Amino acid sequence: MPLSRSRTHHSSHPEREGDRTRPPVWVRSAHPMDAVALVPLCGQLGHASDADQIAARLIADAGNPDYANWVAVDADGVIFGYACGHLVRMFSTGVPTALLTALVTDGQARGRGVGRSLIGAFDDWAESCGANEAVYNSDGRGHGTHRSLDAYGFARDGQRFAKIY
């Protein structure tokens with residue numbers, strides 16, 4: 001599958017941040033063959049999963065147009081970020097809402113535009129599906145992610161209530 005840059009990552013050249021050159025970020029659809037590389041990223045989210053479980057989820061999602069999964073990769077194809085989107089049609093409005101259900105950047109790759117690129121892919125997908133809003137539900141642990149989401153146009157809105165079975 002061809003790699004593409006999301007609309008929020010504009011430069012075709014490495015970016016400069018201070019004196020440090022950041023390599024470009026590409027985003028592509030996630031595939032079951034990515035499962036091994038996604039295990040540590042899921043762990044960083046606090047969700048322990050093995051490669052077989054992740055591959056099974058990616059296979060199930062691939063057959064459902066209301067789900068999308070992306071990975072961020074470098075020029076060598078090394079995966080260092082992941083995002084998942086889920087489209088929910090709201091009864092109250094009849095219009096779909098796009099849920100950003102996972103967003104993670106490997107700790108060693110933070111500050112390279114990975115989150116921005118993944119959110120750009122999510123935004124492109126959500127708009128192409130006719131969503132009228134995007135929502136990210138957080139468990140409250142990802143404070144760096146929260147600051148990034150504010151910068152990418154998300155606003156705090158309401159509260160999250162959860163019930164574990």
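Predicted model: local features only at pLDDT ≥ 70, side-chain atom pairs only at ≥ 80, totals over all residues.
Two packed helices are described by the angle between their axes and the distance between the axes. For helix α1 (residues 35-44) and helix α2 (residues 51-62), the angle is about 105 degrees and the axes lie 8 Å apart; because angles of 65 to 115 degrees count as roughly perpendicular, α1 is described as roughly perpendicular to α2. On the α1 side the contact is made by A35, V36, L38, V39 and C42, which meet A51, I54, A55 and L58 of α2. The residues of this contact comprise 9 that are nonpolar, with no polar and no charged residues among them.

Strand β5 (residues 79-89) pairs with both β4 and β6. Strand β4 (residues 67-73) runs antiparallel to β5 and is joined to it by 7 bridges, with Y67 standing opposite H86 of β5. These two strands form a hairpin that has 5 residues between the strands, and in this hairpin G77 takes a positive phi near 85 degrees.

The pairing of β5 with strand β6 (residues 96-105) is likewise antiparallel and involves 9 bridges, and the bridge partner of G81 in β6 is T105. Here the hairpin has 6 residues between β5 and β6, and G94 in the turn has a positive phi of about 75 degrees.

Technical notes. Residues numbered from 1 in each chain as written. Heavy atoms only, no water. Axes fitted to C-alpha atoms, helices over the stretch in contact; angles between N-to-C directions. Helix = DSSP H or I, 4+ residues; strand = E, 2+ residues; numbered from the N terminus. Parallel < 35°, antiparallel > 145°, perpendicular 65-115°, else oblique. Contact = heavy atoms within 4.5 Å. Nonpolar A, V, L, I, M, F, W, Y, C, P; charged D, E, K, R; others polar. Pairing = 2+ DSSP bridges.
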